[in-house]
Amino acid sequence: GACVSVSGCISRLSLLVVASMLGACHWWSADETSSGSSTASTSSQLSGVASQGAPLAGGRVTVYDATGAVVGTATAAADGSYTITTSAAFQSPLSVQVASADGTVTYQAISFATPGSNATVNVNPVSNLIATTELNSAGANLTAGTLGDFASYAAKLTQAGEDRKST
């Protein structure tokens, strides 16, 4: 429908901008499937690029599942790319975290990949902003520079995602 007020038009425009940003940074990838929190005995492959404008070459990429268990690690290549095959069993959602080689920069992205799926998860300042916002909506009190205890908020994050899918 047509916008009936300036604030209504701005709200719709904001939603479109956020949706296009999510698609561009693959925060919730089209390759991913989500059935809420799940555990299975099939590994998954996560790949993407760790960057802050420039690639985070040599950055340490670590994937945590909803229980806080490390389910995969990798070192970002010169172009920032990484590929991780997760351990066989994990509980979704996942926090894909990267720390720069010198440890001065940390970012994360949230992925709802399920065991047995493949997903593209780029980790950068935009994915970090989205992750921080989502985790704060689940009760975390994070700033953009802190990653927090992902496991303590994962279940709430999963439920919030399920609630959004059903509306």
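Modeller: Accessible areas here come from the Shrake-Rupley method with a 1.4 Å probe. By that method the protein chain of this predicted model exposes about 8,000 Å², of which carbon and sulfur atoms supply 58%.

Colleague: What share of the protein chain counts as buried?

Modeller: Buried means under 20% relative accessible area. Of the 167 residues of the protein chain, 40% count as buried.

Colleague: Which elements make up the chain, and in what order do they run?

Modeller: The protein chain has three helices and seven strands. From the N terminus on, the order is α-β-β-β-β-β-β-β-α-α. Among contacts with a separation of 6 or more, 63% are between residues 24 or more positions apart.

Colleague: Why is strand β5 called largely enclosed?

Modeller: Strand β5 covers residues 94–99, and five of its six residues are buried, so the rest of the structure largely encloses the strand.

Colleague: What makes β2 and β5 a pair?

Modeller: A pair needs at least two bridges found by DSSP. Strand β2 (residues 60–64) and β5 are joined by five bridges, so they pair, and they run antiparallel. Within this pairing, Y64 stands opposite S95 in β5.

Colleague: How do you know that β5 pairs with β6?

Modeller: Six bridges join β5 to strand β6 (residues 106–111), against a requirement of at least two, so these strands pair as well; they run antiparallel. V98 has Y107 in β6 as its bridge partner. The hairpin of β5 and β6 has six residues between the strands, and in it G103 takes a positive phi near 80 degrees.

Colleague: What makes β2 and β3 a pair?

Modeller: Five bridges join β2 to β3, again set against at least two, so the pair qualifies; the strands run antiparallel. The bridge partner of R60 in β3 is T75. Their hairpin has five residues between the strands, and G68 there has a positive phi near 95 degrees.

Colleague: Why is D79 called partly exposed?

Modeller: Buried is under 20% and exposed is over 50%. D79 has a relative accessible area of 48%, which lies in between, so the residue is partly exposed. D79 is found in the loop between β3 (70–75) and β4 (81–85).

Colleague: What is D79 in contact with, leaving aside neighbours within four places in sequence?

Modeller: D79 is in contact with V49 and P55. The C-alpha atoms of D79 and L56, 23 residues apart along the chain, are separated by 7.6 Å.

Colleague: What makes the pairing of the D79 and S81 side chains a polar contact?

Modeller: The cut-off is 3.5 Å between N or O atoms. The side chains of D79 and S81 are joined at 2.6 Å, so the distance lies within that limit.

Colleague: How do you know that the span of helix α2 agrees with its number of residues?

Modeller: At 1.5 Å a residue, the 13 residues of α2 (residues 125–137) should span 18 Å, and the end C-alpha atoms are 18 Å apart, so the values agree. Its buried residues are S127, N128, I130, A131, T132, E134 and L135.

Colleague: What is found at the start of α2, and what follows the helix?

Modeller: At the start, a side-chain oxygen of N124 reaches to within 3.0 Å of the backbone nitrogen of V126. After α2 comes G139, with a positive phi near 110 degrees.

Conventions: Residues are numbered from 1 along each chain as its sequence is written. This is a predicted model: local features need pLDDT of at least 70, side-chain atom pairs count only at pLDDT 80 or more; totals for chains, interfaces and linings use all residues. Side-chain values use heavy atoms; hydrogens and water are left out. Buried means under 20% relative accessible area, exposed over 50%, partly exposed in between (1.4 Å probe, protein chains only). Helices (H or I, at least four residues) and strands (E, at least two) are DSSP runs, numbered from the N terminus. Contact means heavy atoms within 4.5 Å. A polar contact is a pair of N or O atoms within 3.5 Å; within protein, one must be able to donate a hydrogen and the other to accept it, and residues adjacent in sequence count only if both atoms are side-chain atoms. The expected span of a helix is 1.5 Å times one less than its number of residues.
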